[in-house]
Amino acid sequence: MLQTFLLPDVGEGLTEAEIVAWRVAEGDVIKVNDVLVEIETAKSIVELPSPYAGTVKSLLVSEGTEIEVGTPIVEIDDGSDDEAPEPVLVGYGASEAPSRRRRRSRQTPDRSASEAMASAYEQRAPGRSTEEVHPAEPVRAEAVGDPLPTAGEAPSESSLVLVEDNDPRAKPPVRKYAADLGVDLSTVVGTGPDGTITRRDVEAALAFQRLEQEPRQGRVMNDQATFGGEQRAYTATGSHGFGGAAGGPSGFGDFGAGFDPFEGRAERRVPIKGVRKVTAENMVRSVNTHVHVTEWVTVDVTGTMEFVETLKQRREFTGLRISPLLVYAKAICLALSRNPELNSEWDEERQEIVYYRDVNLGIAAATPRGLMVPNIKNAGRLSLLQLSQAINQLVQVAKDGKLQPADYSGGTFTITNVGVFGIDAGTPIINGNESAIFCMGSIQRRPWVVGEGADERVEPRWVTTLAVAFDHRIIDGEQGSRFLHDVASILAEPALALLF
Amino acid sequence: MLGQSDDMVQLLTPDGRRVDHPEFTFRGTTDDLLRSLRDMWLGRRFDVEAIALQRHGELGMWPPQLGQEAAQIGAARAIRDGDHVFPSYREHSMALALGVPMQQILGFFRGTDAGIWEMNDKFRTYALVIGVQTLHAVGYAMGLQFDGLVGNDDESTNSGVMVFHGDGASSQGDVNEAYVFAASYNAPVVFFCQNNQWAISEPITLQSRIPLYERARGFGFPGIQVDGNDVLAVQAVSEWAMDRARRGDGPTFIEAYTYRMGAHTTADDPTKYRARDEEEAWRGRDPINRLVAHLRDIDAIDDAHLKALEEEADELGVRTRASIKELTDRTMDELFAGVYAEPTVALEAQRRQFKEFADSFEED
C-alpha cells in the first residue's frame, strides 16, 4: 500500500522547513532508514531517513520549496496489501481519533496554535528565512577558552574495521547513482561510516577516471572538480566547467527532462533571500566602500604545472588532491609577507588601517548553499603539505555544505577562481572588509615566445592570466603591482620562492 | 586534553591495550566483557534507531548517547540487587542493560507516558529537569540509611544509590545542594558525572576552571576521574565507589571523562558550536572499537561473533520500530494515581478541577 511521509518537526516546535535536496528519485527501491531527503530548518540541515521500505512512488515537493510541518512530501509503496492507514505522528499528522475542541471558549484565538506557540518560544514566524534568523554575515570569532583537544591516540586503521568484507558497501541510492554514472563500485574507496561508499566518493572516482582518460593536450588545467559536484548554483555540474552542461538557465538546476520551471508563464519570480541576499548586500557594501583597482598579468606557469606533477608523485602527498590552486595559495602567502599592505583592513570608524600579522586565506567556493568564502586560518605559517591538507579539508566541507560560521569568518585575503569555468580573467569584487582579492584564470596551452636572440622561438606552454583587485585607499599602484609581480614570479619559477 | 588529569584511571587504551593502574584493577571476567560489548553494541543501535524514529516524526525529541556507552555500561556492571540508579535522560544503554523496557524509554520521548514508568527494581524514571534527580537520589540514599540498609556487617544486606548527571548539571544549584546534603549525612550515594565536554553548546572549559572531579574535595568527599570510554576502568571505579557507599563510607564523585559524539538532542546542530577536529579526535577514542580491539587480541571474539551481534542489533532495530506503534496515551487518572501512595486532599482537589476542565471539551 501507499505510505505517505509527512514532514516531521525535527527540532522542538519548528513550524516549517525547506526541501534542500532529494537523495532518492522516483522508482528507487529503498530500505528503512535510507536517507530520503535533506531539509533545512531554522536550526540546521537535517537528513530525513525513510520510515518505510519499498519503492519511491512520487516526490511531492520540489527542491527549494519551503513547506509547513505536516505537509506530505513523499509517497512510498511498501508492497503490502492496502489496509487502514497508519495512525498518528507526534503532535500532527493524520490522527484517526476525532478532534475535540473546547465548548465554552471565552476568547476566540486569532492566531493558529502553531503561530502562538512559535511566538511564545520566540521562534520565527512562518515565512522568514533561515538567514534572517541566523544572518550569514561573518563575524570575527575569537576562540573562547582553552584550545580544543588535538588528535592523537587514534587507534590504527585496522583496529577500526569491525567486520572484514570484500563487497563494496554502499546504500542502494548510491549504488544506483554509481550505476547511472558508469562507476564500478569495486574501484571506489569508501570514506563514509565503516568505509561505506558515499555519493561523494563516487563523484571523486568519476572525476579521477575522467582525468585519467582525458588527453593532456589542450586540457583546461584547473580545479574543475574542486567545488563542482553537487553544486546547484551553476549548471556546469559534473562537466568540465564551462559551456557543455545539459542544465537549463543558471539557477534552475537539473530537474530532468520535461520539467518547466516557468510553469508556462513568461517569467519566474524568486524571492531574494538566504545566501543570495547576503551575497548581494556584501557586494553592494564592498563596491560602495572600497576603491577598486584591477591589474592583470599574463604569465607562463609551466613551472608551476611541472611542480604540481612533482608533488603528486611525493609520498607525503598521497591521497591529497594536488592542484595549481595549492601553489597559487603558497605564492600568495609569500607575496603577502613581502607586501603586507594587501593583508589589511580599513577601519572607517576609528580612522585606522589594520594590518594583519596572519593571513587567513579565503577561497571563494560555489557550495550547495551558494557562494561562500571559507578561509584557511593562518595560511602563511603552514608548510606546503599542511596547506594542501587544509585546502583539501576546506573543499570537502564546502562541498558537503557543512561550513560553520568559524570557517568563513575572520578572512583577511581572498582567492577566487573563474578559471574553473574556462574563463581567462576577471575583475573581482573585494570580499567583506578585506583590502584585496586575487583572481585565478584558466590555465591553457598557448603559444609563447621563449629563448633569446638566435634561439628565440614560439613554444606551446601553460599560460594564464592573473588578476588582483585592491582597495586604492590603502594600496597604491606600486604596492599592488609589486604584489602581483611577486606572485607571477613564483608561479613562473617556483624555485624563486626560496628568495622569499 | 584539557580537563583530563594525569590521575585519570585507565585500564584499556584507545587502541585496545590493557594497562595497569596502581590502585584499580579490573576484576571482571572475559564473559563480563562480552556482556558489556553486547550491551554497548545494542545500546548504540537502539540510540541510532531512536534518532531515526525522531526524524520519522515518531518521537518529539531524542537525546543521543553516541560515544557514552562505556561510561553507562561500566557503571551498570557495578549495580546489584538492592541498589538504585537515578538517571538523567541520556542513559539509554544503561536503562536497557538494567531491564527497562524500550517502550518506556520511547514513550517518554513520544510524550505518551506522562513520565509514569512501571517500577523497575533498580532504575528510576528519566528526569528532564537538569540535575533534579541528584536531590531525589540523595534523599533516597538517606532513606536507605534510615532503613538500616547501609554499613551492616552482613555485606549482602547493604545497598547504595548511583545518580547520573552531566557536566552541565554540575553548574546547577540543585546539584550543588545535593552534594552538600550527601556530604553532611554521609549518604550512600555515588555521583556519576558523565563529562561529555558539552552542556548543549557550552564547553566544560567555560564552566569549570578545574577538572570537575577536583570539586568533590571541596564538598568533603572523594572525587575520581576515570576514562569514560574505557568500560573496564569505569566498572572497576564504579565497583569501588558503590562498595564505599554500601559499607557506609559515604558519597563518591566519579567523573567519567567522555564525549557526546552526537547532538545534545535531535533539536540542535553541534556543527554550529564545535570543531570537527575535536569530534575526529574523539572518534579515535571510541569505546566500542577499543573493546573490540582488545577482545580480538585475546581471541575472545571473531568476525562471526561481531556479525551475530550486528544481526541481533538489526533485530532490535525492527523491534524498536514496531514497539513504538504499540504505545498508547496514559490517562490523566493514571498520572494523578502515581503521585502519592495515598492521595492527599490537595491532590484530590486538583483531580476534580482537571476533570471539570477536561469535560468542558466536546467532540468535533
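## A walk through chains A and B

Start by colouring chain A by secondary structure: there are eleven helices and 20 strands. Here helices (H or I, at least four residues) and strands (E, at least two) are DSSP runs, numbered from the N terminus. You are looking at a predicted model, in which local features need pLDDT of at least 70, side-chain atom pairs count only at pLDDT 80 or more, and totals for chains, interfaces and linings use all residues. Residues are numbered from 1 along each chain as its sequence is written, while chains are lettered from A and ligands numbered from 1 in the order in which they are written.

**Stop 1: chain A as a whole.** Of its 500 residues, 35% count as buried. A buried residue has 20 or more other C-beta atoms within 10 Å of its own, an exposed one has 12 or fewer, and a partly exposed one falls in between, with C-beta atoms placed from the backbone. Among contacts in chain A between residues at least 6 apart in sequence, 62% join residues at least 24 apart; a contact means C-beta atoms, placed from the backbone, within 7 Å.

**Stop 2: a sheet in chain A.** Two strands pair if DSSP finds at least two bridges between them; strand 1 and strand 8 (residues 72-77) of chain A share five, running antiparallel. Zoom in on A:Phe5 and you will find A:Val74 of strand 8 opposite.

Next, move to the loop between strand 3 and strand 4 (35-40) of chain A, where A:Asn33 lies. A:Asn33 is not a glycine, yet has a positive phi of about 75°. A:Asn33 counts as buried because it has 22 C-beta neighbours inside 10 Å.

**Stop 3: an annotated stretch.** Select residues 169-206 of chain A, listed by UniProt in an unreviewed entry as "domain: Peripheral subunit-binding (PSBD)". UniProt positions are given in the numbering used here, feature names are shortened, and annotations may be inferred rather than shown by experiment. This stretch is 47% helix and 0% strand, with its end C-alpha atoms 17 Å apart.

**Stop 4: A:His292.** This residue is in strand 10 (residues 292-300) of chain A. Is A:His292 buried or partly exposed? With 17 other C-beta atoms within 10 Å, A:His292 is partly exposed. Leaving out residues up to four places away in sequence, A:His292 touches A:Ile430 and A:Ala469.

**Stop 5: the cores.** Now over to chain B. Show B:Val189, B:Phe192, B:Val226, B:Val237 and B:Ile254, which have the most contacts inside the largest nonpolar core, a group of 91 residues. Such a core is a set of buried Ala, Val, Leu, Ile, Met, Phe, Trp, Tyr and Cys residues joined through C-beta atoms within 7 Å. Apart from this core lies another of 60 residues, including A:Tyr328 and A:Met440.

**Stop 6: helix 9 of chain B.** Select residues 231-247: this helix has 17 residues and reaches 24 Å from first C-alpha to last, close to the 24 Å expected at 1.5 Å a residue (1.5 Å times one less than the number of residues). Helix 9 of chain B is mostly covered, with 14 of its 17 residues buried. Just after helix 9, B:Gly248 takes a positive phi of about 95°.

How values were computed: Two residues are in contact if their C-beta atoms, placed from the backbone, lie within 7 Å.
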